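Take a look at the model, then read on.

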Amino acid sequence: MLPLIGILIVIVGFALRLNALLVVTLAGVATGLASGQSLPDVVAAFGKAFVDSRYIAIVWLALPVIGLAERSGLKERSREVISRIQAATAGRVLLVYLALRQITAALGLVSLGGHAQMVRPLVAPMAEGAAENTHGDLPDTTRERIKAMAAGVDNVGMFFGEDVFVAIGSILLIRGFLEQNGIIVEPLQLARWAIPTALAAFALHGARLWLFDRQIARQVAAEATQATEHTP
Amino acid sequence: MIKLEAIYVLMGLLTGGIAVVNARDASNPRRWRNTLFWGVYALLFFAGSYLSDLVNGMLVLVMVGTAAAGLGQGTRETTSAADRLASALRHRNRLFIPVLVVPFATFAGSVLLKDLTIGGVPLVDPKQVTQIALGIGTVLGLLTGMALLRPPVSAPIVEARRLMDSVGWAAVLPQSLAALGAVFATAGVGKVVSTLATTYLPLGSPVAAVVAYAVGMALFTMIMGNAFAAFPVMTAGIGLPLVVQQYGGDVVIVTAIGMLSGFCGTLMTPMAANFNIVPAALLELTDRYGVIRAQVPTALMLLAVNIVLMSIFAFR
């Protein structure tokens, strides 16, 4: 039971919204100590794993390009382009991105999306721009909600698209695990059984995006009445 | 051969440059903390492979301590809204090119570089092609941007600093969580959890076992932040011995949908920081859990769908 102290620290820390980096580090040190390691050993193990996983941070190399394009008016241009498409709404922009993200991921093209590469510079500004075209200036809560949905679309599309592709890590992990247990399965069979969930993911998240435009309209209207009530 | 180490030098230059820009920015009241934080991070990229594990660990602790004390953010605007609007009118769709170069060059690189050899030696370390291709893609994107938009030479690093400081310490959270996962694994957390699950969960019928497996995958993924870490533990604990062997479920269907149930957990946890917390910071949301909130309804509905799918198809 003692090793679970780390999990407890993480849950309490996240619930209290303490600095997550501090919480995670404390949880790691506590778990290591609870399992009988010495403090220097725990710190060394933490340092080694941190350094070994530096590859996760490579995506930040995209920031100079994105910052450069934003400085030169990328977001402004994204909004201008989307405003010329009459039918574009925030929900529909995100629905199109969901379809693109899921299909490309299913074909193994996971690297074509991403929060730093696509959502921040292109998808979120376009969705925001489309909502602005319909409703004028947006309340901050609506802006937040649109950006959060844009990030969620990237995740849902990728998670439930990539598993349909046979050579992806999760399929290979399942196959390897079963092989260790003496069961041989074909990656293609596993990928085939990812399809029903993939379709359900598109239908469910797509339906939420379909309803999203109405939600925005309600939110904007509510904010507008509140504003008039407060004007003497 | 190009290895990951070469890309880490680029990362060191980026984070080191961010430290320098912060040191020179008096508009940030906590500029020396930011300088220390990004400077130490740069050191871990340049020298992490050569320093001892203990030294690396202590450097990480310095970063964590600095972040816990609180980082700041410069307030100096690089271009005004009017400048950007004028620039958008001037450059028009050219603005999209450098940004799109990054994903497309990454994709092309990961396909083309995989089999490229020079004198029998692969040009790129075959195990790390995707990460290296991403690194090269960002460099190509930057060069394209410099050529097309002709900004001042300092613009890329000044802009990267602006974005990186708005993300703040959340930028290194995914790495810390990977480290935590490693500590959990050596401490045997998985074994304790699967013992608890098999002891206390009702597993008396096929459907109950399916529910326990799918929900267990989602919950343990939420704890570990990663379905890959949860899968071996829950499948060895519940999936294989109960759903497959005792109740005769189809092994392909059970494990494939089991993994996807774990993905539902990934959508709901701050422990999956690179999917949920980092984008919230990158999009400058005021609610750190805003992305998770947007995903929870879909995740719960999909988890229910997975349970139904597994119950129907695994026992035909």
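Chain B has 14 helices and 2 strands. Keep in mind that this is a predicted model. The C-alpha trace of chain B spans about 70 × 45 × 45 Å along its principal axes. Of the 316 residues in chain B, 55% are buried. As for contacts in chain B between residues at least 6 apart in sequence, 73% of them join residues at least 24 apart.

Now for how helices pair up. Two packed helices are described by the angle between their axes and the distance between the axes. Here are two pairs to look for:

| Helix pair | Angle | Axis distance |
|---|---|---|
| α4(A), residues 63-71, and α7(B), residues 155-167 | about 100 degrees | 7 Å |
| α12(B), residues 251-266, and α14(B), residues 290-313 | roughly 170 degrees | within 9 Å |

Start with the pair that joins chain A to chain B. With an angle of about 100 degrees, α4(A) and α7(B) are therefore roughly perpendicular to each other. On the α4(A) side, the contact includes A:L63, A:P64 and A:I66, while α7(B) brings in residues including B:A155, B:P156 and B:I157. Sorted by type, the residues of this contact of α4(A) with α7(B) come to 10 nonpolar, 1 polar and 4 charged.

The other pair sits within chain B, where α12(B) and α14(B) cross at roughly 170 degrees. That makes α12(B) roughly antiparallel to α14(B). Among the residues making the contact are B:I253, B:V254 and B:I257 of α12(B), along with B:L302, B:L303 and B:F313 of α14(B). The contact of α12(B) with α14(B) has 11 nonpolar residues, 2 polar and no charged.

Technical notes
Residues numbered from 1 in each chain as written. Chains lettered and ligands numbered in written order. Predicted model: local features only at pLDDT ≥ 70, side-chain atom pairs only at ≥ 80, totals over all residues. Axes fitted to C-alpha atoms, helices over the stretch in contact; angles between N-to-C directions. Helix = DSSP H or I, 4+ residues; strand = E, 2+ residues; numbered from the N terminus. Parallel < 35°, antiparallel > 145°, perpendicular 65-115°, else oblique. Contact = placed C-beta atoms within 7 Å. Nonpolar A, V, L, I, M, F, W, Y, C, P; charged D, E, K, R; others polar. Buried ≥ 20, exposed ≤ 12 C-beta atoms within 10 Å, placed from the backbone.
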